[in-house]
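Hello,

Here is the structure I promised to pass on to you. Please open it alongside this email, and my notes follow below.

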Amino acid sequence: MAESHGAPVPLAEVWRGGILECVHYGHAVICDSAGQIMEAWGDPDQVILPRSSCKMIQALPLVESGAADAFHLADPHLALACASHQGAGIHTSSVEAWLSDIGLREQDMRCGVHAPWDKSTRADLIKTDDSPCQFHNNCSGKHAGFLTFNTHLGLGSEYHEIDHPLQVAIKAAVEDVTNLESLGYGIDGCSAPNFATTVHGLARAMAFFAAADVDSGSMRVRAAARLRDAMRAYPDLVAGEGRACTELMEAMNGQVAIKTGADGVYTAIIPAMKIGVALKVTDGGTRGSECAIAALLVHLGVLDANHPATLKRMNAPQYNSNKIETGIIRPAAGFC
């Protein structure tokens, strides 16, 4: 196991003209199904907000409550419940249809509005002088799942508030799968609480998902397996065209589920090895976290180092606006 000194360590570095220009520091843990650390870099006990990297945990009550089956949700719905999507048509139309099927509308959502990340969808809105809506929010699938749980149990409309039964259930699920008591929470970009844990706790949760059996075990174990398998089956719904989550899952032929979170968090679920991975880049940069997760997946032998999706993010040439190569981003020396 790599030595941990309690402080963040270099995970990725950027070179320009043969000069080390930038270093992305952070923490990373690889955990087995018993919850034990296999390898670690930095401080495994660093407290973090997992942000969207834990959406599969937030979706556990949707499945284990019986709400998913009561409303006949299929794998695409479950993948969207775990998604941070682009807001492309494939995402927005699916979420809109989902809400319609359970008798709700866009106004029932509490995720808020932001412009779609999908460039063509955003351009179409501009061309037609139209405005984005909550369906375009990257968390709209998660909120559709929240509303499905809410509708099934007949709960109050403000499902995003910390004392709502849904958020109480999510907190309990987080504590269970991380094997840690609540370490506080922050309000995420979509207005839902985001419960803090450690890097080790988050990796332990991913190992729980990795080892889960869809045909046996508790309701929570079977729910975890369904959500994990939905993510692997529909990587295009989990993120979208050009996004690292989608492209790297496709590069691994659906054998691994990975999920990004804002401000430099990444998780991976590897069922064949029954292990989980979590990392946090302390500067919050996506560039550094994508390089680091690719490096870890290559290190574990589940991702081809020479796959084009890998080379976009790890050992990736950097170019300026004149298409002149200016440098490279690569795993830091000593990482993996």
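Predicted model: local features only at pLDDT ≥ 70, side-chain atom pairs only at ≥ 80, totals over all residues.

**Strands at the two ends of the numbering**

Let me start with β12, which has two partners in what follows. Strand β1, residues 9-16, runs antiparallel to β12, residues 325-331, and five bridges join the two.

**Salt bridges**

The count of salt bridges comes to 13. Three of them are described here.

- E64 pairs with R220, with the closest N and O atoms 2.6 Å apart. R220 counts as buried because its relative accessibility is 18%, under the 20% cut-off.
- E158 pairs with R110, and their closest N and O atoms are 2.9 Å apart. E158 is in the loop between α7 and α8, while R110 is in the loop between α5 (89-101) and α6 (119-127), so the pair ties together parts that are 48 residues apart in sequence. E158 is partly exposed at a relative accessible area of 27%, and R110 is partly exposed at 23%.
- E247 pairs with K312, the closest N and O atoms being 3.0 Å apart. E247 sits in helix α12 (residues 244-251) and K312 in the loop between α14 (308-311) and β11, so this pair ties together parts that are 65 residues apart in sequence. E247 is buried, with a relative accessible area of 19%, whereas K312 counts as partly exposed at 48% relative accessibility. Salt bridges with shared partners join E247, E290, K312 and R313 into one network.

**Cysteines**

How many disulfides does the model have? The count comes to zero. C22 is in no disulfide, and the nearest cysteine sulfur, that of C291, is 11 Å away. C22 counts as partly exposed, at 23% relative accessibility. For C54, the closest cysteine sulfur is in C190 at 9.9 Å, too far for a bond, because a disulfide needs the two sulfur atoms within 2.5 Å. C54 is buried, with a relative accessible area of 4%.

**A surface patch and a loop residue**

I162, Y185 and I187 make a nonpolar surface patch of about 290 Å². I162 itself is found in the loop between α7 (140-153) and α8 (165-178), and I162 is partly exposed, with a relative accessible area of 34%.

Finally, do look at Q36, found in the loop between β2 (19-32) and β3 (37-41). Q36 counts as partly exposed at 49% relative accessibility. Leaving aside neighbours within four places in sequence, Q36 is in contact with I30, C31 and H200. Q36 and A207 are 171 residues apart in sequence, and their C-alpha atoms are 9.6 Å apart in space.

Note on methods. Residues numbered from 1 in each chain as written. Heavy atoms only, no water. Pairing = 2+ DSSP bridges. Helix = DSSP H or I, 4+ residues; strand = E, 2+ residues; numbered from the N terminus. Patch = residues over 30% accessible without salt bridge, like charges linked within 9 Å, V, L, I, M, F, W, Y side chains within 5 Å. Areas by Shrake-Rupley, 256 points an atom, 1.4 Å probe, with all protein chains shown as cover. Salt bridge = Lys/Arg side-chain N within 4 Å of Asp/Glu carboxyl O. Buried < 20%, exposed > 50% of the residue type's maximum accessible area, 1.4 Å probe, protein only. Contact = heavy atoms within 4.5 Å.
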